[in-house]
Amino acid sequence: QWDLLKQAKTKNEHIEIIVLGGFLNLNEHCSEIVNKHKSFDNCFDQEYRSYFPADERMSSDLGKELEYLYISRIELLCENRKLENCLTHAGNEPVSYDKHHLSLGYAQMIGDLIGQTYASELTEIGLSLK
């Protein structure tokens, strides 16, 4: 993946790269967990969680030679980078209906948070926030 980005940057040095950090993967569908426990919060329980990269960028050497904007979804959605502090739903929608794809409402909430939090960085690289 990083090799492809390096090749693209070599062909066009004006390409801006934005990397969205990982978030949460489950070993059971979130919708099934909600049906069992009647709560969005249980989708984050240890027994259902298969991936939560709290220190993803810090623990990786990948991409260090590339200049890119890194957006940590953990920092955006989990106060103090702690799982128990993560936003578990957007309105009446859970984080996900399956094991790892964000629900539409949750994805839109993340997009809004990214737009607010990274407004200056996104504008600086030429993205419009309209």
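Hi everyone, let me start with one cysteine: C30 is buried, with a relative accessible area of 0%. By buried I mean under 20% relative accessible area, while exposed is over 50% and partly exposed lies in between, with a 1.4 Å probe and protein chains only.

Before I go on, a word on where this comes from. This is a predicted model, so to speak of local features we need pLDDT of at least 70, and side-chain atom pairs count only at pLDDT 80 or more, while totals for chains, interfaces and linings use all residues. Residues are numbered from 1 along each chain as its sequence is written, and side-chain values use heavy atoms, with hydrogens and water left out.

Back to C30, then. Which residue is its disulfide partner? It is C43, and the two sulfur atoms are 2.0 Å apart; the cut-off for a disulfide here is a pair of cysteine sulfur atoms within 2.5 Å. The pair links distant parts of the chain: C30 is in helix α2, residues 30–37, and C43 is in the loop between α2 and β3 (49–51), 13 residues apart.

How many disulfides does a search of the whole structure find? The answer is 2. The other one joins C78 and C86, with sulfur atoms 1.9 Å apart. Here, too, the S-S torsion is about 95°, so the C78–C86 disulfide is right-handed. C78 is buried at 1% relative accessibility, and C86 is buried at 8%. If you number the bonded cysteines in sequence order, the pairing reads 1-2, 3-4.

Now let's stay in the loop between α2 and β3, which is also the place of N42. Is N42 buried or exposed? At 16% relative accessibility, N42 counts as buried. Its side chain makes a polar contact of 2.9 Å with the side chain of D45. For a polar contact I require a pair of N or O atoms within 3.5 Å; within protein, one must be able to donate a hydrogen and the other to accept it, and residues adjacent in sequence count only if both atoms are side-chain atoms. If we leave aside neighbours within four places in sequence, N42 is in contact with I33, H37 and Y48, where contact means heavy atoms within 4.5 Å.

K38 lies in this loop between α2 and β3 as well. It is a residue other than glycine, yet its phi is positive, near 60°. K38 is exposed, with a relative accessible area of 69%. You will find N80 in the loop between α3 (73–77) and β5 (89–90), exposed at a relative accessible area of 57%.

On to charges. Side chains of opposite charge can pair when their charged atoms come close. The search of the whole structure finds 3 salt bridges, each being a side-chain nitrogen of Lys or Arg within 4 Å of a carboxyl oxygen of Asp or Glu.

Take D3 and K6, whose closest N and O atoms are 3.4 Å apart. Both lie in helix α1, residues 2–11, and they are 3 residues apart, about one turn of the helix. D3 is exposed at 52%, whereas K6 is partly exposed at 28%.

Next come K36 and E28, which meet at 2.7 Å, N to O. K36 counts as exposed at 51%, but E28 counts as buried at 17%.

Then there is R81 with E75, where the closest N and O atoms are 2.6 Å apart. R81 is partly exposed at 25%, and E75 is exposed at 51%.

Let me finish with the whole protein. There are 5 helices and 6 strands, and from the N terminus on they run α-β-β-α-β-β-α-β-β-α-α. Buried residues make up 38% of the 130 residues. Among contacts between residues at least 6 apart in sequence, 60% join residues at least 24 apart.

Key: Helix = DSSP H or I, 4+ residues; strand = E, 2+ residues; numbered from the N terminus.
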